[in-house]
Amino acid sequence: MPPSSEAEGGLWRSLALGARGRCPRCGRGRLFDGFLTVRPCCDACGLSLVGHDAGDGPAVFGIFILGFGIVGLAGYVEYLFSPPLWLHVVIWTPLIIASGLLLLRPLKGLTIAIQSRVRSTEESERPGAS
Ligand SMILES: [Zn+2]
């Protein structure tokens, strides 16, 4: 018999639920308390989320995505219109801040969903921990 997470949906379903801020196992419970605080457990199915720590992963993924996307756009705008530098600052700074805030939560949910699929939170010690 497959594990319960397999029975309730595959990997892509779990990742999509995590990115939407829902429990990666059942999809009914919320993953976050507030903006980025991970709940201790799912309020619908009881999946423990205590040991999952996304660390800097979501921020790094966001930096990569925004770096490639916005630098590419800024280069394209520079190539087409050659606006003054101050206009680049006025255009791109709020866009970077807003899109960074919009990306961070889904990326953190995605990271927690990946961790909930591949790592048990019930291990007493982490490998390599002293
Ligand atoms: Zn759940």
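Which residues is Leu-66 in contact with, leaving aside its neighbours within four places in sequence? They are Ile-96, Ser-99, Gly-100 and Leu-103. Two residues are in contact if their C-beta atoms, placed from the backbone, lie within 7 Å.

**The model**

This is a predicted model: local features need pLDDT of at least 70, side-chain atom pairs count only at pLDDT 80 or more, and totals for chains, interfaces and linings use all residues. Residues are numbered from 1 along each chain as its sequence is written. The pLDDT is the predictor's confidence in each residue, from 0 to 100. Its mean over the protein chain is 87. A pLDDT of 70 or more is reached by 85% of the residues. Over residues 1-7, however, the pLDDT is below 50. That stretch has five contacts in the model beyond near neighbours in sequence. Where pLDDT is low, the predicted coordinates should not be read in detail.

**Overall layout**

The protein chain has four helices and two strands. Helices (H or I, at least four residues) and strands (E, at least two) are DSSP runs, numbered from the N terminus. From that end, the elements run α-α-β-β-α-α. Of the 130 residues in the chain, 16% are buried. A residue is buried if 20 or more other C-beta atoms lie within 10 Å of its own, exposed if 12 or fewer, and partly exposed in between; C-beta atoms are placed from the backbone. Take the contacts between residues at least 6 apart in sequence: 53% of them join residues at least 24 apart.

Helix α4 covers residues 85-118. Helix α3 (residues 57-81) packs with α4, and so does helix α2 (residues 11-19). Axes are lines fitted to C-alpha atoms, for helices over the stretch in contact, and angles run from 0 to 180 degrees between N-to-C directions.

| Helix pair | Angle | Distance between axes |
|---|---|---|
| α3 and α4 | about 145° | 8 Å |
| α2 and α4 | about 140° | 6 Å |

The crossing of α3 and α4 is right-handed. The crossing of α2 and α4 is right-handed too. A crossing is left-handed if the near helix is turned anticlockwise from the far one by less than a right angle, and right-handed if clockwise.

Who meets whom? On the α3 side of its contact with α4, the residues include Phe-61, Ile-65, Leu-66 and Ile-70. On the α4 side, they include Trp-92, Leu-95, Ile-96 and Leu-103. By class, this contact has 13 nonpolar, six polar and one charged residues. Here Ala, Val, Leu, Ile, Met, Phe, Trp, Tyr, Cys and Pro count as nonpolar, Asp, Glu, Lys and Arg as charged, and the others, Gly among them, as polar.

Back to Leu-66, which lies in helix α3. Leu-66 is partly exposed, because 16 other C-beta atoms lie within 10 Å. Leu-66 and Ile-97 are 31 residues apart in sequence, but their C-alpha atoms are 9.9 Å apart in space.

The contact between α2 and α4 is made by Leu-11, Ser-14, Leu-15, Leu-17, Gly-18 and Ala-19 of α2, with Pro-106, Gly-109, Leu-110, Ile-112, Ala-113, Ile-114 and Arg-117 of α4. These residues divide into nine nonpolar, three polar and one charged.

**The core**

A nonpolar core is a set of buried Ala, Val, Leu, Ile, Met, Phe, Trp, Tyr and Cys residues joined through C-beta atoms within 7 Å. The largest one here has ten residues, among them Leu-17, Cys-23, Cys-42, Leu-107 and Ala-113. Helix α4 gives the most to this core, with four residues. Leu-17 touches Arg-22, Cys-23, Pro-24, Gly-27 and Ala-113, not counting residues up to four places away in sequence.

Glu-78 is found in helix α3. Is Glu-78 buried or exposed? Glu-78 counts as exposed, because it has 12 C-beta neighbours inside 10 Å. Glu-78 and His-88 are ten residues apart along the chain, and 8.5 Å separates their C-alpha atoms.

Ser-82 sits in the loop between α3 and α4. Its phi is near 45°, a positive value in a residue other than glycine. Ser-82 has 7 C-beta neighbours inside 10 Å, so it counts as exposed. Pro-83 is in the loop between α3 and α4 as well. With 13 C-beta neighbours inside 10 Å, Pro-83 counts as partly exposed. Pro-83 touches Val-77 and His-88, not counting residues up to four places away in sequence.
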